[in-house]
Amino acid sequence: MADAARRLTALAEEVLGAPLPVRIRAWDRSEYGPPGTSGAPVLVIRRRRALRRLLWKPGELGLARAWVAGDIDVEGDLYEALDLLAGSLWERGEGTPRSGLAALLSAVRDPRLRAAGGELVKLAGPGLPPRPPREEARRTGGPLHTLRRDKQSISHHYDVGNAFYERVLGPSMVYSCAYWGSDGDGASTLEEAQSAKLDLVCRKLDLRPGQRLLDVGCGWGSMVLHAAREYGVSAVGITLSEEQAAYARKRVAEAGLTERIEIRVQDYREISDGPFDAISSIGMAEHVGSALYAEYAADLHALLKPGGRLLNHQIARRPLKDEEAYEVDEFIDRYVFPDGELAPVGRTVAQLEEAGFEVRDVESLREHYALTLRQWVVNLQDHWQEAVLLTSAGRARVWRLYMAASALSFERNRIGVNQVLAVRTPETGAAGMPLRARNWR
């Protein structure tokens with residue numbers, strides 16, 4: 001009798017101490033769980049190997065490996081499935097969502113749940129630990145955030161093919177949250193919203209013809225192209241990705257702006273030809289790491305002219321009562337942004353101030369990022385077969401899960417994103433800012 005789904009559901013509910021909110025379909029074609037309705041998500045366990053991954057690596061990493069390898073899948077609305085599972089898995093424990101899941105799945109080692117553990121072993125079948133999917137970042141050891149290790153981490157995420165990113169990001173090739181209109185006013189397409197975001201950054205920096213702009217983490221060159229074309233500045237864009245740099249240089253040449261834009265493969269710690277009139281850092285500071293953030297802030301402060309402005313656009317997490325308890329998300333660390341770290345926005349502001357900046361404005365774009373991610377998911381799904389051919393099925397699955405889960409995290413205020421405008425205010429105190437930088441309506 002095919003009953004793996006029923007046994008898995010009973011096992012999950014024993015471990016979780018609560019009903020499983022989604023229906024399960026197992027490798028033996030059995031189904032069990034809440035009555036299925038049209039469009040309701042179903043958690044599909046395609047192979048018993050998924051259970052062996054969890055046995056050998058309990059917690060989020062085991063689940064991530066099973067997802068990337070295609071051992072588990074979701075049939076139906078992925079957003080709804082993630083939302084339903086979040087309450088049962090990721091949000092049940094203290095501290096970070098991930099640690100709660102790890103604690104629950106590791107509970108099969110508890111003597112009180114030995115029977116459940118034995119059942120899982122029977123269902124998983126015999127076998128050695130499955131090898132991690134090839135899309136997983138391999139750990140090199142050694143200290144974090146050396147020049148070499150940061151370059152390797154950036155390469156893991158960005159050097160997967162520019163054509164793949166074209167399918168996901170669209171023609172704008174901007175890999176950070178867009179700036180959407182509301183109530184029919186303003187940007188309504190992804191390309192319009194990304195152009196609006198780039199223009200917002202330029203206006204906050206008060207860019208003028210003839211000024212010199214540094215774009216830290218320039219990606220595929222969209223920011224420097226917009227600033228040079230629309231505001232008449234000269235710009236230097238830096239990235240650690242060879243593929244991004246080659247793509248950006250081609251775009252610059254095609255735009256006829258090689259005399260005013262320079263694209264470098266360079267770390268921000270290696271820049272020696274300042275000062276600049278303005279600095280933009282959009283979606284890059286998450287890679288810096290908490291141990292080096294003070295150095296990052298101090299380096300950017302030193303690279304600015306007195307009176308120059310910094311626009312730091314950065315994802316933030318919610319603060320914890322015990323900040324020492326913060327742990328990096330295992331799925332993100334192994335498959336998306338190796339060595340990346342998030343900090344609360346208050347800590348970011350404090351460290352910029354400690355470096356000598358005067359912070360003049362903080363604007364949250366949390367809902368904007370959720371909208372952007374949902375559009376990227378649509379782009380990926382519309383070009384799924386191309387994306388798989390351009391990278392791999394595993395890589396495409398990484399991106400689908402990462403972007404959908406991130407969209408929900410922004411929508412539920414588990415993470416946010418903020419633009420922090422700061423000035424290297426001279427000793428005279430003349431920051432060069434208007435009395436009212438923004439108008440509320």
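Reader: Why is D206 called partly exposed?

Author: The relative accessible area of D206 is 27%. Buried means under 20%, exposed means over 50%, and partly exposed is what lies in between (1.4 Å probe, protein chains only). At 27%, D206 therefore counts as partly exposed.

Reader: What should I know about the model itself?

Author: This is a predicted model, in which local features need pLDDT of at least 70 and side-chain atom pairs count only at pLDDT 80 or more, while totals for chains, interfaces and linings use all residues. Residues are numbered from 1 along each chain as its sequence is written, and side-chain values use heavy atoms, with hydrogens and water left out.

Reader: Where is D206, and what makes its phi stand out?

Author: D206 is in the loop between α9 and β5, just after α9. Helices (H or I, at least four residues) and strands (E, at least two) are DSSP runs, numbered from the N terminus. The phi of D206 is positive, about 55°, although D206 is not a glycine. Most residues other than glycine have a negative phi.

Reader: Where else does a residue other than glycine have a positive phi?

Author: R29 has one, near 75°. R29 lies in the loop between β1 and β2.

Reader: Is R29 buried or exposed, and how do you know?

Author: R29 has a relative accessible area of 77%. That value makes R29 exposed.

Reader: How do you know that the length of α9 fits a helix?

Author: Helix α9 covers residues 190–205, 16 residues in total. The expected span is 1.5 Å times one less than the number of residues.

Reader: Which residues of α9 are buried?

Author: Among them are L190, A193, Q194, K197, L198 and V201. C202 and L205 also belong to the buried set.

Reader: What makes α9 and α10 roughly perpendicular?

Author: Helix α10 spans residues 222–231, and α9 packs against α10 at an angle of about 65°, with axes 10 Å apart. Axes are lines fitted to C-alpha atoms, for helices over the stretch in contact, and angles run from 0 to 180 degrees between N-to-C directions. Under 35 degrees counts as roughly parallel, over 145 as roughly antiparallel, 65 to 115 as roughly perpendicular, and the rest as oblique. That makes α9 roughly perpendicular to α10.

Reader: What is the hand of the crossing, and which residues meet?

Author: α9 passes α10 in a right-handed crossing. A crossing is left-handed if the near helix is turned anticlockwise from the far one by less than a right angle, and right-handed if clockwise. On the α9 side, the residues that meet α10 include S195, L198 and V201. M223, H226 and Y231 are among their counterparts in α10. Contact means heavy atoms within 4.5 Å.

Reader: How are α15 and α17 oriented, and how do you know?

Author: The axes of α15 (residues 366–382) and α17 (residues 393–411) come within 8 Å and cross at roughly 155°. These two helices are therefore roughly antiparallel to each other. Their crossing is left-handed. Y369, L373 and W376 are among the α15 residues that take part. W399, M403 and F410 are among those of α17.

Reader: Why is β5 called largely enclosed?

Author: Strand β5 (residues 212–216) has five residues, and four of them are buried, so the rest of the structure largely encloses β5.

Reader: What makes β5 and β6 a pair?

Author: Two strands pair if DSSP finds at least two bridges between them. β5 and β6 (residues 234–239) have five, in the parallel sense.

Reader: Which strands form the open sheet, and which are its edges?

Author: Four strands run in the order β2-β1-β3-β4, with mixed pairing. β2 (31–32) and β4 (72–75) are the edge strands, since each pairs on one side only. β1 (residues 23–25) pairs with β2 in the antiparallel sense over two bridges. In that pairing, I24 stands opposite Y32.

Reader: Why does T9 count as buried, and what does T9 touch?

Author: T9 has 2% relative accessibility, so T9 counts as buried. T9 sits in helix α1 (residues 4–16). Leaving aside residues up to four places away in sequence, T9 touches L20, I24 and Y32.

Reader: What kind of peptide bond joins G274 and P275?

Author: A cis bond, with omega about 5°. P275 lies in the loop between β7 (261–265) and β8 (276–282).
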